[in-house]
Amino acid sequence: MKIQGKMFIWLSVFILAMAVLYGVWSKEPVGTTALFLAFGLSIMIGYYLAFTAKRVDAMAQDDKEADVADEAGEVGFFAPHSWQPLSLAVGGALAFLAIAMGWWILYFSAPLILVGLFGWVFEFYRGENQNQ
């Protein structure tokens with residue numbers, strides 16, 4: 001994680017230099033503000049990564065002599081299949097349609113959103129995937 005922190009800090013230095021240069025040359029406030037905000041976001045991420053790198057063990061990416069296989073292992077558990085995102089997508093699409101067409105459509109989209117949300121959260125509490 002040390003290398004990522006350094007990369008973001010150096011990126012933030014570059015973005016700050018470009019923000020100052022862009023602000024002086026263009027005298028355009030919107031782009032200059034956007035670059036300064038990008039600098040702020042980049043320095044926050046870099047500081048966080050550098051700060052937490054001191055508290056965690058060294059990883060394979062911090063070792064210059066490491067192989068790709070040194071970081072191999074289980075990444076995490078991912079659901080094999082789920083119908084809940086489809087319910088959330090249809091409910092969300094109907095909710096956005098309600099903004100354009102009429103608020104009464106929310107009566108149909110809210111149950112779909114709730115079913116999709118609760119089904120996705122509690123997907124592994126019941127049924128065939130209970131013990132995963």
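View 1. The model is predicted, with local features needing pLDDT of at least 70 and side-chain atom pairs pLDDT 80 or more, while totals for chains, interfaces and linings use all residues. Residues are numbered from 1 along each chain as its sequence is written, and side-chain values use heavy atoms, leaving out hydrogens and water. Here α1 takes up residues 2-26 and α2 residues 29-53; their axes cross at roughly 165° and come within 8 Å. Helices are DSSP runs (H or I, at least four residues), numbered from the N terminus. Axes are lines fitted to C-alpha atoms over the stretch in contact, and angles run from 0 to 180 degrees between N-to-C directions.

**View 2. Now for α3 (residues 84-101) packing with α4 (residues 106-121).** Their angle is about 155°, with the axes 8 Å apart. That makes α3 roughly antiparallel to α4.

**View 3. What meets what between α3 and α4?** From α3, residues including Leu-88, Val-90 and Leu-94 meet α4 residues, among them Leu-112, Ile-113 and Trp-120; contact means heavy atoms within 4.5 Å.

View 4. Residues 31-51 are 100% helix, with end C-alpha atoms 30 Å apart. Over residues 94-122, the chain is 83% helix and its end C-alpha atoms are 23 Å apart.

Definitions and conventions
Helices (H or I, at least four residues) and strands (E, at least two) are DSSP runs, numbered from the N terminus. Angles under 35 degrees count as roughly parallel, over 145 as roughly antiparallel, 65 to 115 as roughly perpendicular and the rest as oblique.
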